[in-house]
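Biologist: I would like to learn how to read salt bridges in a model. Please take me through some cases.

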Amino acid sequence: MKVLITGNMGYIGPVVVEHLRRVWPNSTLHGFDSGYFATALVEPSILPERLLDAQFFGDVRQFPKGLLDGVDAVICLAAISNDPMGNAFEKVTYEINANAVIHLAELARAAKVKNFVFASSCSMYGYAEGGARSESDALNPLTAYAKSKVQAEEGLKKLATPDFTITCLRFATACGFSPRLRLDLVLNDFVACALVNKKIEILSDGTPWRPLIHVRDMARAIEWASLRSAQYGGEFLAVNTGSNAWNYQVKELAEAVRAEIPGVEISINPNAAPDKRSYKVSFDLFAKLAPEHVPKITLPEAVRELRDGLTRAGFATANFRESQFIRLKVLSSHKEAGRLDADLFWKN
C-alpha cells in the first residue's frame with residue numbers, strides 16, 4: 001500500500017506516521033509539507049520523518065500531481081490549524097483549508113487514488129445547546145477555521161464516486177504528546193501551565209463543553225478511514241470522530257490535570273462573558289462504523305503522558321505562550337523575519 005500524507009510535519013502527522021509504520025510495516029509512506037513547523041521539535045535530535053520512505057517539500061496550494069502516481073490513499077492533514085491563525089491569516093485559511101483540499105482531491109481522483117481522508121473538525125458545530133450534536137444536526141461555524149472546514153466538506157462531497165471513497169473525520173479537539181507538540185490546545189496548555197507555573201487560569205467560567213481526542217486515537221481513526229469501503233458509511237462520509245466519554249467541561253479538564261500534578265491552583269473567571277465555542281458531540285456513528293478503532297486512551301493517561309514527556313524533555317519555559325510550541329507564534333516569527341510573505345509563501 002502506498003500512502004501520501006500532506007501536512008505530515010505538524011502536530012498530528014508524526015504520530016500518524018509512527019502508527020502507520022507500525023501497523024503497515026511494508027507500506028510505502030510519503031510525506032508532503034511546507035515545513036512551517038519543521039524545527040518545532042520537543043527533542044531536536046529525533047526526526048519523525050525518519051520513518052517515511054520519502055519526504056517532499058512544497059505548498060499544498062501548488063501541489064505537484066506527479067506525487068500521486070501509484071498512491072492508494074491520501075491523508076490530508078495540511079491546514080492553518082486553529083482559530084488564532086485563522087483570524088490572523090483568514091484569506092490563507094480558506095485557500096489552504098478548503099480550496100487546496102478540494103483541488104488535491106480532484107487530482108487524486110484523476111490519479112485513481114482509492115481513498116481520500118480529510119482531517120475535518122467538530123468545531124463546525126460552534127455554539128450548540130440542547131444536547132450532543134450528531135452528523136445530521138445543523139452546522140454553526142463561528143470562525144474562519146471552522147468555516148473553511150465546512151467549505152472543504154461541501155466541495156469534497158461532490159467528488160466521491162464508487163471508485164473514490166472520501167472520509168471527512170470531524171475530529172474532536174486534539175490533545176496528547178507529539179514530537180512536534182502544540183501547547184495552544186486546551187489540555188496541553190493546562191498541563192504546561194501546571195508544570196511550569198503551578199497554576200491553571202481558566203479565562204471563562206469553566207462551563208463550556210469540549211470534546212477531546214488523543215492524537216494516537218486520531219491516528220487509529222485515520223488508519224480505518226484510509227481503508228474504508230463504501231459499504232461502511234457510503235462513498236462520501238462525514239463522521240464525528242472521538243468518544244462520548246471524552247465530552248468534558250473546561251473546568252473538568254483542569255481538575256483532571258490537578259489530579260495528576262498535585263499542588264496546582266485553578267483560577268476560574270465567574271464573571272466572564274459566555275464562551276461561544278461550547279458544544280457536546282455524539283460519536284455514536286463512528287462507534288457503529290469503526291468499533292475496532294474507537295478511542296482507547298483515557299483522560300488521566302493523556303495528562304500523565306504529557307506530564308512525563310515534557311518533564312523528560314526538560315520543559316521549564318514559564319512564558320511558553322511565546323515559544324515555538326504556539327503555532328501562530330511560529331508563523332508570525334517567519335513572517336517578521338522575512339521568510340514568509342503575507343500569503344505565507346516562502347520567500348527564500
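Modeller: What follows is a short walk through the salt bridges of this structure. This is a predicted model, in which local features need pLDDT of at least 70, side-chain atom pairs count only at pLDDT 80 or more, and totals for chains, interfaces and linings use all residues. Residues are numbered from 1 along each chain as its sequence is written, and side-chain values use heavy atoms, with hydrogens and water left out.

Biologist: What is a salt bridge, and how many salt bridges does the count come to?

Modeller: Side chains of opposite charge can pair when their charged atoms come close. The rule asks for a side-chain nitrogen of Lys or Arg within 4 Å of a carboxyl oxygen of Asp or Glu. By this rule there are 16 salt bridges. One of them joins Asp72 to Lys114, with the closest N and O atoms 3.1 Å apart.

Biologist: Which parts does the pair of Asp72 and Lys114 tie together?

Modeller: Asp72 is in the loop between β3 (54-57) and β4 (73-76), and Lys114 in the loop between α3 (90-110) and β5 (115-121), so the pair ties together parts 42 residues apart in sequence. Helices (H or I, at least four residues) and strands (E, at least two) are DSSP runs, numbered from the N terminus.

Biologist: Which residues are linked in a network of salt bridges?

Modeller: Asp59, Arg61, Lys91, Glu95 and Asp343.
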